Amino acid sequence: MGQVNRKAPMRTPVRWLVTLAAMFALLAIPLLRLRGDSSAQQPSEEPPVRIPSNVAWTRETLALVSSGDPFRGLLLARRCNHCHGEEGFSAVPVFPNLAGADRLSFWKQMEDFRSGKRISPVMQVQAAGLSTRDSADLAAYYSMLPTARDPQDSRSFPQTMQDPSLATIAIRLILFGDGQRGIPPCQSCHGPVSYVNGAPLLAIQNESYLQDQLEHFANGYRSNDINVRMRSIARQLTAQEKTAVSEYYGAGLGPGVYSR
Ligand code: HEC
Ligand code: HEC
């Protein structure tokens, strides 16, 4: 009995300590885990930053692209001809025409196919085997191909407008845009009024290819446009407007270099 009495006052603080330690552990472990977790999760909690393209228009890239050698480009283009046509006009309207191409745009697309920033199983394979210099040479070659009509080749361009009444809608967007929706005129970036770096020539492009690209920008399948320029425009166009501009340009009616 004496022993019990002596030990009882000691046992209580021990039990308290054990209880406190247990409570601390119960509280602290989840807290520590939370801290650990949150610091580990922080980067993935933010939306992943997707860079649209690895291409930046620096003095170096501009110099590289403008120094392309068209003769080397001519030799390299042999492997492109069966899809894009000997004269840079394809026989099938889903393949884009490349004659008279804007060099910067051409080169950027090749780089984007190579880096996977622009998805196309066909073109990614083509671009994989080319250096940045090769692409500059090809850009130089294609940019020099004449765009005037040639009855000798098998081009599918220009196509006839399925619905000529859409011309008014197309003309309005191309020449004036739509200020209310913040859509600048197409011709202010795609020419001939002015060009932004990397904007392709639309005036020689096939209807179904244009239609596909506008669709792909609108649904995000194509997302290699720097500053979301084309995605933000394409998302706002109605189905009828996309058809209208595609048919109008595809018929060779768009303002630009194409002479009928
Ligand atoms: C098997 C057919 C095929 C071959 C060969 C081919 N291309 Fe293409 N090319 C395509 C298709 C299809 C597209 C459209 C891709 C898409 O859907 O976005 C395209 C797109 C392009 C574009 C983008 C045009 C634009 O206006 O944005 C360029 C530039 C291009 N090709 C260059 C080349 C070059 C240079 C070669 C040769 C080294 C080549 N292609 C070989 C089928 C081909
Ligand atoms: C603010 C400038 C700007 C305006 C305005 C603009 N675009 Fe574009 N567009 C671009 C750029 C830049 C690209 C190239 C994107 C890239 O880097 O791949 C492009 C690409 C395109 C393409 C892809 C063509 C190809 O060869 O692959 C189509 C189609 C297109 N634009 C249609 C239009 C139409 C139609 C309009 C008017 C309703 C328009 N754009 C207005 C800047 C513009």
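**Ligand shells, helices and core**

Author: Of the 26 residues around ligand 2, those that come nearest are Pro-184, Cys-186, Cys-189, Pro-200 and Asp-225; a residue is near a molecule if its C-beta atom, placed from the backbone, lies within 6 Å of it. Helix 5, helix 9 (187-190), helix 10 and helix 11 each give two or more residues to this shell; helices are DSSP runs (H or I, at least four residues), numbered from the N terminus. This is a predicted model, in which local features need pLDDT of at least 70 and side-chain atom pairs count only at pLDDT 80 or more, while totals for chains, interfaces and linings use all residues. Residues are numbered from 1 along each chain as its sequence is written, with chains lettered from A and ligands numbered from 1 in the order in which they are written.

Reader: Why does ligand 2 lie between domain 1 and domain 2?

Author: Both domain 1 (53-156) and domain 2 (157-260) give residues to its shell, so ligand 2 lies between them. The domain bounds come from an automatic or database domain assignment.

Reader: Which residues are closest to ligand 1?

Author: Among the 16 residues that surround ligand 1, the closest are Cys-80, Cys-83, Pro-96, Gln-109 and Ser-120. Two or more residues of that shell come from each of helix 4 (81-84), helix 5 (103-115) and helix 6 (121-128).

Reader: How many helices and strands are in the protein chain?

Author: The protein chain has 12 helices and zero strands.

Reader: Which residues of helix 11 are buried?

Author: An α-helix has 3.6 residues a turn, so residues three or four places apart point the same way. In helix 11 (residues 229-236), the buried residues are Met-230, Ile-233 and Ala-234, where buried requires 20 or more other C-beta atoms within 10 Å of a residue's own. Viewed down the axis of helix 11, they fall within an arc of 95 degrees, so they line one face of the helix; the arc is that of the directions from the helix axis to the C-beta atoms. These buried residues pack against helix 10 (207-219).

Reader: How many residues has the largest nonpolar core?

Author: A nonpolar core is a set of buried Ala, Val, Leu, Ile, Met, Phe, Trp, Tyr and Cys residues joined through C-beta atoms within 7 Å. Here the largest has 39 residues, and Phe-106, Trp-107 and Tyr-142 are among those with the most contacts inside it. Helix 7 gives the largest share, six residues. Tyr-142 touches residues including Gly-88, Leu-98 and Phe-106, not counting residues up to four places away in sequence; contact means C-beta atoms, placed from the backbone, within 7 Å.

Notes. A residue is buried if 20 or more other C-beta atoms lie within 10 Å of its own, exposed if 12 or fewer, and partly exposed in between; C-beta atoms are placed from the backbone. Two residues are in contact if their C-beta atoms, placed from the backbone, lie within 7 Å.
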